[in-house]
Amino acid sequence: MATIGAVATAPLRAGRAGERSGTSIGFLVALWAALAFALVCLATLLVTAFIDGYPRLDGALFTRYSSRVIPETAGARAAILGSMMVIVTTALMAIPLGVAAAVYLEEFADPRRWFNKLIEVNLQNLAAVPAIVYGMLTAGFALTVGLPRRVVLSGAIALALLILPVIIITTREALRSVPAEIRQGSLALGATPLQTVWRQTLPSALPGVATGTILALSRALGEAAPLLLLGGLVFVTYDPNGLMSGFTTLPIQIFSWTGQPQVEFRQVASAAIIVLLGLLLVMNALAIVIRNRYQRHW
Amino acid sequence: MSGEVVIDGSSTVEPLSSAAGELFKEEQPGVNVSVGTSGTGGGFEKFCQGATDISDASRPIAEDEVEACKKAGVDYSELRVATDALTVVTSADNEFLNCLTTDELATLWGPDAEGKVTTWDQVNPDFPNENIELYGPGTDSGTFDYFTDEINGEEGASRSDYNASEDDNVIVQGVSGSANALGYFGYTYFEENGDALKAIEIDSGDGCVAPSAETAQDGSYTPLARPLFIYPSKEAVEKKEHVAAFIDFYAENSSEIAEVAQYIPLNDEQTTELQDQAGQLTGN
Amino acid sequence: MSTLTAGGGSSSGTGPRRGNSSIDGPSIQRQSARYGERLVMGFLISSAGLSVIVTVGIVVALLVPALEFFREVSVWDFLFGTRWAPTFANSDFGVLPLITGTFWTTVIGLALAVPVGLGTAVYLAEYARPRVRKTFKPALEVLAGIPSVVYGYFALAFVAPVVLNNLLSLEVGTYSVLAAGLVLGIMIIPTIASLSEDALTAVPQDLRQGSLALGANRMRTTLRVVFPAAISGIAASIVLGLSRAVGETMIVALAAGTQARMVDSPTSNGQTMTGFIAQTATGESTPGTLTYNTLFAVGLLLFVITLIINIISIRLVQRFREAY
């Protein structure tokens, strides 16, 4: 365990004098500088994006498609709709699977058995695997199964696999925070463990689960690497029309526009960034509101 | 009319097909034209597997690609839709690169230059002793094939230590950011970014010639003036009426499309030939 | 609350078992409850097993094309060759240039993120008043939530031209490992800061109080007592930041460059492993070709490297959690 550092052989500066010594103040200034630096970076990023993109926050951004030849009115309509479609599909796949896995691991699995220990370690690993590897996994899977790679369903599968470990881990923590008394009371009244989970534990843990899920989905919203691997940069100028339709998403569109040197594309890229950050802000605010208002403190 | 037209291939031809797709959409809003940029070689691979309706190409189809298409039963037409003046560029901040002979270009880009020709004075003793920064298309690009064929004498023969990208925008950004950089790509990418870039005049023995619509059309910009093609699949044209309509549109409006995409339009003779061929293909 | 159901079998698992109720309901209900529960339990177990399947899937999906690749290129040439030119006529498949690219961007990123992240963490954990903490912690979370493609845009559109070329007067081109590395560092500041802060706040107050009682000032207490006590958690945060930096794609794809060279200076451009994967994948990538297999060979290498880093990080986190 930790030990108190060796008592210095030189006399320590005691009391308030100790706090005023040159090195102490220097240290504090260094710490402030670190915090200030982080904040300045954040501020600069947001301000540059905002200044560059503000002129293009117009209706065209939302209603028109990307243009190769008229960048002044290029729009992110295909990207916005694509993002929404992909995220909804991802949620429909990842949430049930993630919650189910977490329920099993937390409520039913014996933590001493090797099989369950393996799953634990495995989950922690998967949560840190680079996003692009999930794209490669889905590409391989799609190839084996005969699924086309450049479609909404494949993209959603890649993202669902990406956020599944995160959902499982956060759901488990939410379930863990529900006190044992709730479960015991339910069981004492004659419910099966499964009924207990479904009717008592899970509803009690719901705010935590919702928060974790929304944060995971907001991460999926911002991911581009796995989708790039699946679909390449096809210039998409139509609304996605189904699970097997070609698509693009906001991050991919931003990536594509950023790569183009003309000023107009930089502008519309920043405008799209503002839209993306706005969406993420809304999702995160929602998660925080849920956490603050509905979180039960036992 | 509605449907999807799937195009893939050369990043040089992509602006043309994208422009055509956008203009066509104004007439037929139900038709979605999607244009990929896997490179001329990559495009043909997909085309000969039947995965695309039209292949964009900045060089004629190669023999092995002809074989592959034959084997797969993919029949096609070759339509020349515009002319390109392949442009060699440097940054607008550069002062010493104004004209290069084809020999100097070969010294710069040949496979033997790899690791050895690293400063500008090795290309021409009058140039300063500054590090060379090179940007160019990757090996899937028709532009790469064409350039290496004309300049280095053999298609595919090139040094490999340069910033290679199928995305010409990467080349634009790279070259414009460094005063000692040089790159090459299709004419439109120079036109679109004229403020940040400087086109280098090419001397193939008859003096320095700058790339432009005139010099490309009258043949004085050699050897880097070249035709740009699209290869529509016969099956796609016959089975999908929106693809046929798109080909007709492309052929009839080739000049306007070339101008919108900032390429060099065909001259009258070439335009008539295009329209005839398209007419034969689509039966209109 | 729950309904009274028939006595009889509860579902599997080691949770507290429901005793046999003396109230006996109709046997049909008993049967269907058991059957339905079995189905649901089956679903739960398979969902949990899915995670193992995913890992196996990743390994298989990477190994199969990679093994194809290694049939044509020897492992030695791959791992130790210094020329990466997979698509050219005289091709070479030495991956070291990509590794130097990843190395430089990662080192630059950590050089930025570790001092700033730790400094922020120490400040928030040891010095800041609760109100200050409450205001600034969300700011860190915002930084953490920004998508990497936005950081990539920032690197290309701002850091490279404005910061590096104008403000610092370095002569860098549009693409450089420095621009990409710096922004990579900014991206992982929150990872290091929040995990380190958790580690620091987990150190019990007694340790601090003991140190202060002996006459040390806050700086000494922090540096000599709290910091060493939290070292596992702090180390875990740095290792996690390292893992994220190695695996990051969008920033380097946009800002680091596309020439796979043996990077030897921060101002030069270069290509990372992830950058190569992104570039090749967005080009032509037909399954079965050597190019496709090369992509997966590099992907496998990336996965193995991050796996090793992650295992180290998990061990450190376990030690940190056990300590308190």
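Let's start where chain A meets chain C. In this predicted model, helix 12 of chain A, residues 263-294, packs against helix 5 of chain C, residues 148-167. Their axes come within 11 Å. They cross at roughly 150 degrees. The crossing of helix 12 of chain A with helix 5 of chain C is left-handed.

Who touches whom? On the chain A side, helix 12 brings A:R266, A:A269, A:S270, A:I273 and A:L276. On the chain C side, helix 5 answers with C:V150, C:Y153, C:L156 and C:A157. Sort the residues of this contact by class, and you get seven nonpolar, one polar and one charged.

A few words on chain C as a whole. Chain C holds 12 helices and two strands. The order along the sequence is α-α-β-β-α-α-α-α-α-α-α-α-α-α. Chain C has 324 residues, and 55% of them count as buried. Now take the contacts in chain C between residues at least 6 apart in sequence. Of those, 68% join residues at least 24 apart.

Next, the cysteines. How many disulfides are there over all chains? The count comes to two. For the record, a disulfide is a covalent bond between the sulfur atoms of two cysteines.

Take B:C48 and B:C69. Their sulfur atoms sit 2.0 Å apart. The torsion about that S-S bond is about -80 degrees, so this disulfide is left-handed. Where do the two ends lie? B:C48 is in the loop between helix 2 (39-47) and strand 3 (54-57) of chain B, and B:C69 is in helix 3, residues 63-72, of chain B. So the pair ties together parts that are 21 residues apart in sequence.

Are these two cysteines buried or exposed? B:C48 is buried, at 6% relative accessible area. B:C69 is buried too, at 1%. The cut-off for buried is under 20%, so both values fall below it.

Now the pair B:C99 and B:C208. Again we have a disulfide, S to S 2.0 Å. The angle about the S-S bond is -95 degrees, and the link of B:C99 and B:C208 is left-handed. This pair links distant parts of the chain. B:C99 belongs to strand 6 of chain B, residues 99-101. B:C208 belongs to strand 12 of chain B, residues 208-209. They stand 109 residues apart.

What about accessibility here? B:C99 is partly exposed, with a relative accessible area of 23%. B:C208 is partly exposed as well, at 41%. Number the bonded cysteines of chain B in sequence order, and the pairing reads 1-2, 3-4.

One more cysteine, over in chain A. A:C41 counts as buried, at 8% relative accessibility.

Back to strand 6 of chain B, and on to the sheets. Strands of a sheet pair through backbone hydrogen bonds, either parallel or antiparallel. In chain B, three strands form an open sheet in the order 6-11-12, with mixed pairing. Strand 6 and strand 12 of chain B are the edges, each with a single partner strand, so one side of each lacks a neighbour in the sheet. Strand 6 of chain B and strand 11, residues 201-203, run parallel, joined by three bridges.

Which strands stand at the edges?

Zoom in on strand 1, residues 3-9, of chain B. Strand 1 pairs with strand 2 of chain B in the parallel sense, over five bridges. In that pairing, the bridge partner of B:V5 is B:V33 in strand 2.

Key: Residues numbered from 1 in each chain as written. Chains lettered and ligands numbered in written order. Predicted model: local features only at pLDDT ≥ 70, side-chain atom pairs only at ≥ 80, totals over all residues. Heavy atoms only, no water. Axes fitted to C-alpha atoms, helices over the stretch in contact; angles between N-to-C directions. Helix = DSSP H or I, 4+ residues; strand = E, 2+ residues; numbered from the N terminus. Left-handed = near helix turned anticlockwise from the far one by under 90°. Contact = heavy atoms within 4.5 Å. Nonpolar A, V, L, I, M, F, W, Y, C, P; charged D, E, K, R; others polar. Disulfide = S-S within 2.5 Å. Buried < 20%, exposed > 50% of the residue type's maximum accessible area, 1.4 Å probe, protein only. Pairing = 2+ DSSP bridges.
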